[in-house]
Amino acid sequence: MNQSRKATEREARRHLIMDGALSVFHDHGIDGATMDQIASKAGFGTASLYYYFPKKEDVFSAIMVKGWAE
């Protein structure tokens, strides 16, 4: 697999996680949301989630940056 394809897939996974997190944040609030809930909603294992986002705040920040850019 070439580097470009890997980067594209990695970015697609980040977006899946952010979409799942947005739903969890909506349902539970930022303080009430857990990384386990986010991983489950996004269809990932918790360990995979931590590979992309080490902290819940990092997921939230990525959502905010994405929203600002759009």
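User: In which helix does E57 lie?
Analyst: This is a predicted model, in which local features need pLDDT of at least 70, side-chain atom pairs count only at pLDDT 80 or more, and totals for chains, interfaces and linings use all residues. Residues are numbered from 1 along each chain as its sequence is written, and side-chain values use heavy atoms, without hydrogens and water. Helices are DSSP runs of H or I with at least four residues, numbered from the N terminus. The helix that holds E57 is α4.

User: Is E57 buried, partly exposed or exposed?
Analyst: Buried means under 20% relative accessible area, exposed over 50%, and partly exposed in between, with a 1.4 Å probe and protein chains only. The relative accessible area of E57 is 49%, and E57 is therefore partly exposed.

User: How far apart in space are E57 and I30, C-alpha to C-alpha?
Analyst: In sequence, E57 and I30 are 27 residues apart. In space, their C-alpha to C-alpha distance is 8.6 Å.

User: How are α1 and α4 oriented to each other?
Analyst: The two helices pack with their axes 9 Å apart and at an angle of about 110 degrees. Axes are lines fitted to C-alpha atoms over the stretch in contact, and angles run from 0 to 180 degrees between N-to-C directions. Angles under 35 degrees count as roughly parallel, over 145 as roughly antiparallel, 65 to 115 as roughly perpendicular and the rest as oblique. The orientation of α1 to α4 is therefore roughly perpendicular.

User: How many charged residues does the contact of α1 with α4 have?
Analyst: Contact means heavy atoms within 4.5 Å. The residues of α1 that take part include R14, M18 and F25, and those of α4 include K56, A62 and I63. Ala, Val, Leu, Ile, Met, Phe, Trp, Tyr, Cys and Pro count as nonpolar, Asp, Glu, Lys and Arg as charged, and the others, Gly among them, as polar. By class, the contact has ten nonpolar residues and one polar residue, and the number of charged residues is five.

User: Which residues does I63 touch, not counting residues up to four places away in sequence?
Analyst: I63 is part of helix α4, and its relative accessibility of 13% makes it buried. Beyond residues up to four places away in sequence, I63 touches M18, A21, L22 and F25.

User: With which residues is A62 in contact, leaving aside its neighbours within four places in sequence?
Analyst: A62 has its place in helix α4. With a relative accessible area of 12%, A62 is buried. Apart from neighbours within four places in sequence, the contacts of A62 are R14, M18 and F53.

User: What is the orientation of α1 and α2 to each other?
Analyst: Helix α1, residues 3-32, and helix α2, residues 35-42, pack with their axes 8 Å apart. Their angle is about 140 degrees. The two helices are therefore oblique.

User: Which residues of α2 meet α1?
Analyst: On the α1 side, the residues that take part include L16, I17 and G20. On the α2 side, they are Q37, I38, K41 and A42.

User: Which residues touch the most other members of the largest nonpolar core?
Analyst: A nonpolar core is a set of buried Ala, Val, Leu, Ile, Met, Phe, Trp, Tyr and Cys residues joined through side-chain atoms within 4.5 Å. The largest one has 17 residues, and the members that touch the most others are I17, I38, L49 and F53.

User: Which helix supplies the largest share of this core?
Analyst: At least two residues of the core come from each of α1, α2, α3 (46-52) and α4 (56-69). The largest share is five residues, and the helix that supplies it is α1.
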